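Please read them with the structure open.

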There are 2 protein chains.
Amino acid sequence: MTVESLAADELQGGGAAGMMPFVYGHVDPALFPIKQLRQALREVLAVQGAPALNYGASLGCGELRDYLREKLSRDEGLGVERDELMLTSGASAGLDTAVRLFTVPGDTVLVEAPSYHEALANIRDHPVKLAAVPLDKDGLVVDSLAERLESLTLAGERPALLYTIPSFQNPSGVTLSAERRPRVLELARRYRLLVIEDDVYRDLCFHDPLPPSLYALDTEGVVIRLGSFSKILAPGLRLGWVLGPAEHIDRMANCGLTLSGGGANPLVAYMVAAYCRRGWLEPHIDGLRKSYRERRDVFLAALKAHMPPGVTWTEPGGGFFVWLTLPASPAASVVLAQAERRGVTFLTGEPFYAEGGGERHVRLAFSYLEPQVLARGVEILGDIMSRG
Amino acid sequence: MTVESLAADELQGGGAAGMMPFVYGHVDPALFPIKQLRQALREVLAVQGAPALNYGASLGCGELRDYLREKLSRDEGLGVERDELMLTSGASAGLDTAVRLFTVPGDTVLVEAPSYHEALANIRDHPVKLAAVPLDKDGLVVDSLAERLESLTLAGERPALLYTIPSFQNPSGVTLSAERRPRVLELARRYRLLVIEDDVYRDLCFHDPLPPSLYALDTEGVVIRLGSFSKILAPGLRLGWVLGPAEHIDRMANCGLTLSGGGANPLVAYMVAAYCRRGWLEPHIDGLRKSYRERRDVFLAALKAHMPPGVTWTEPGGGFFVWLTLPASPAASVVLAQAERRGVTFLTGEPFYAEGGGERHVRLAFSYLEPQVLARGVEILGDIMSRG
């Protein structure tokens, strides 16, 4: 995205046109494969118009589900049955449905500190309590998870769900280490916890292969994994998927909302199926990886060049985000106020903490802006922090 | 829909291919304006590709919201402000969001008896209780509503919502009379009840104008009205809208699910906006009215010709449904079993009753099948009931 072409009014807030927004954890619209999607859509409406425009099967377009099952088998060696995968209207709809169906009022949902702020808002719209468990550079701190589960249980609370983003986490950019993953599952089994694994950044891995997902390691049916086309194709499609035990997928596919409206976005699902069937998604994802890796590299180099002593940051191996930790002063909010006067905007840490904190943290997204814009924005931030 | 072209596997159950399904309250796919939608989409992806494929504004595509506001002004003389209308992923998503945000656990949601069974399932997925209020030929029985509200309140319950389908109701086909509408609003005000008005059949009115909607009559901000493109364009678009007081629309637009996923189905919304802007929706709706009126007329004539004495039915002025009341025997379930052996399927009344009943009722949808198929199906049902 170039600064000039920002159409902030069409986005979810966070920076007027002309700003350098490090706010958006979005695909750069310049990277949308518009021509190919148009061709796929023309094909669908010419050949499959009526079914694509009608109510869809509760699990979603069969052709797209089969493509995803093949992709999971090819990329991760996962054997996913037809009744273990359901299309959703984006990963956020999958999370909303899981919280609605798999909690009862008063349950506690464990989340990471920090965690994706809009997911926290999504969960908070349900009658549940949130409990935050800290992260470190290797992801969720499993000992802290164990302690929190123990103290909640002793207090008579019912921890029902764990919402976690183990790969290239939003907002921190960290990845849950291979060593910790089995321990998370062990705790989930012991405390009868359902794990909602938000793995939407998995395909945006810049070099080393990621550890297997919690879903892949799960032998007891305690994990529901959320996927999305929003990060690898286009968010305006509103299309994602859920992997989980057949009984859970069946419950989600037969909830009132799905029975009433039918499966997720049929027209778009047929279009994406046609796009994928032509073999277009794989090279597109390769291209995104290259673009985002370049942006990440430029971004980290700029941070190294311009950040004053005392500022530290994560070095994500994929995804969209870098997480800064500032020294005691200036506070992130003070930096933000000065930065916005100079055309740079970002999110400070507070909204990512379910139980408070974050004042000294900053989330910067490198996915949305072109390299030279990223570098210039970091230079401005460095200048502000050096004076602060 | 011809019997041959039924693709039941792509639909939400209720009859295998080759059946004559009176189950589906669906638009006949043969009536989808596929060519025009294709042209609209080509236009969108050529001109507005990037915004249409990106996260959308929380209230939804501004162009489509403005078109809907003009339509409401033109058709109903309604002045709807920009902050009083929000796009949704279908009316079912609007209902789900309203129940999620505007009830607390233990609240009671009042529904009609009978009411749309999938909406009941939608509401039941939330931690609320259901209370059913009977209908008669003039719609919701307001005296019964008043009594139920009184008894619930005396019992210490909190009636929070009324879910009503006042126009061409699903499943009964009846319409709430003009006389009763102000009384429903009066009760809503007195008991601080939020009314969810599901008005998705309003545009499918066969002759006389409908009474003003509850939303149109509301002067106190107690009504949220649900609309949908599923009945007037195509359900596979997954696009609807909500009208309501600005404060309620603001809450829905800023719920976690919307903040996370953005406004409803941007790509499809831009496509439908382009379709409407070309003036294609109005003549399309006129065509649907003609088709469905013809089907309704053929259907009612066939009922008159073939139903045995003792069977009565509603005569809807619009929408998709006729509601049959059978004599004491045979039970509707017995008729269904015999009918399915002869290739005719429908829904019996039980699922439409939140608190039991319906054994002697049958919902028949005349929207989905071509006239000669409708007539043949009714003939078979009449034959079975006459022998019963």
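1. A salt bridge is taken here as a side-chain nitrogen of Lys or Arg within 4 Å of a carboxyl oxygen of Asp or Glu. On that rule, Lys71(A), Arg74(A), Asp75(A), Asp203(A) and Glu282(A) are linked in a network of salt bridges. The model is a predicted one, and the count over all chains comes to 56 salt bridges.

2. Lys71(A) pairs with Asp75(A) in a salt bridge, with 3.0 Å between the closest N and O atoms. Both residues belong to helix α3 (residues 62–76) of chain A, where they are four residues apart, about one turn of the helix. An α-helix has 3.6 residues a turn, so residues three or four places apart point the same way. Lys71(A) is buried, at a relative accessible area of 8%, while Asp75(A) is partly exposed, at 41% relative accessibility.

3. A second salt bridge in chain A joins Arg225(A) to Asp199(A), and here the closest N and O atoms are 3.8 Å apart. This pair links distant parts of the chain: Arg225(A) sits in strand β8 (residues 223–228) of chain A, and Asp199(A), 26 residues apart from it, sits in the loop between β7 (194–198) and α8 (214–217) of chain A. Arg225(A) and Asp199(A) are both buried.

4. The N to O distance is 2.8 Å. Asp125(B) is buried, with a relative accessible area of 11%; Arg251(A) is partly exposed, with 32% relative accessibility.

5. The relation between the two chains is simple to state. Chain A superposes on chain B by a rotation of 180° with 0.0 Å of shift along the axis, and the RMSD is 0.0 Å. That is the relation of a two-fold axis. Within chain A, Pro105(A) has the C-alpha nearest the axis, 3.4 Å from it. Both copies use the same surface, as 100% of the contact residues of chain A recur in chain B.

6. Next, the nonpolar core. The largest one has 286 residues, and those touching the most other members are Leu64(A), Phe229(A), Leu64(B) and Phe229(B). Leaving aside neighbours within four places in sequence, the contacts of Leu64(A) are Leu87(A), Phe229(A), Leu239(A), Ala269(A), Val272(A), Ala273(A) and Cys276(A). In soluble globular proteins, nonpolar side chains tend to be buried together.

7. Is helix α5 (residues 117–124) of chain A largely enclosed or exposed? Seven of its eight residues are buried, so the helix is largely enclosed by the rest of the structure. The buried residues of α5(A) are His117(A), Glu118(A), Ala119(A), Leu120(A), Ala121(A), Asn122(A) and Ile123(A).

8. Val142(B), Ser144(B), Leu145(B), Leu149(B) and Leu152(B) are its buried residues. Seen down the axis of α6(B), these fall within an arc of 150°, so they line one face of the helix. Glu147(B) and Leu154(B), on the other side of α6(B), are exposed. Among the elements covering the buried residues of α6(B) are β3 (108–113), β4 (129–136), β5 (139–140), β6 (159–164) and α7 (180–190) of chain B. After α6(B) comes Gly156(B), which has a positive phi, near 80°.

9. Two loop residues of chain B close the list. Ser213(B) lies in the loop between β7 (194–198) and α8 (214–217) of chain B and is buried, at 0% relative accessibility. Not counting residues up to four places away in sequence, Ser213(B) touches Glu76(B), Arg181(B), Glu197(B), Asp199(B), Arg202(B) and Arg225(B). Leu369(B), in the loop between β14 (361–365) and α14 (371–387) of chain B, is buried at 0% relative accessibility. The C-alpha atoms of Leu369(B) and Val80(B) are separated by 36 Å, the two residues being 289 residues apart along the chain.

Note on methods:
Residues numbered from 1 in each chain as written. Chains lettered and ligands numbered in written order. Predicted model: local features only at pLDDT ≥ 70, side-chain atom pairs only at ≥ 80, totals over all residues. Heavy atoms only, no water. Core = buried A, V, L, I, M, F, W, Y, C linked by side-chain atoms within 4.5 Å. Buried < 20%, exposed > 50% of the residue type's maximum accessible area, 1.4 Å probe, protein only. Contact = heavy atoms within 4.5 Å. Arc of directions from axis to C-beta. Least-squares fit on C-alpha atoms with pLDDT ≥ 70 in both.
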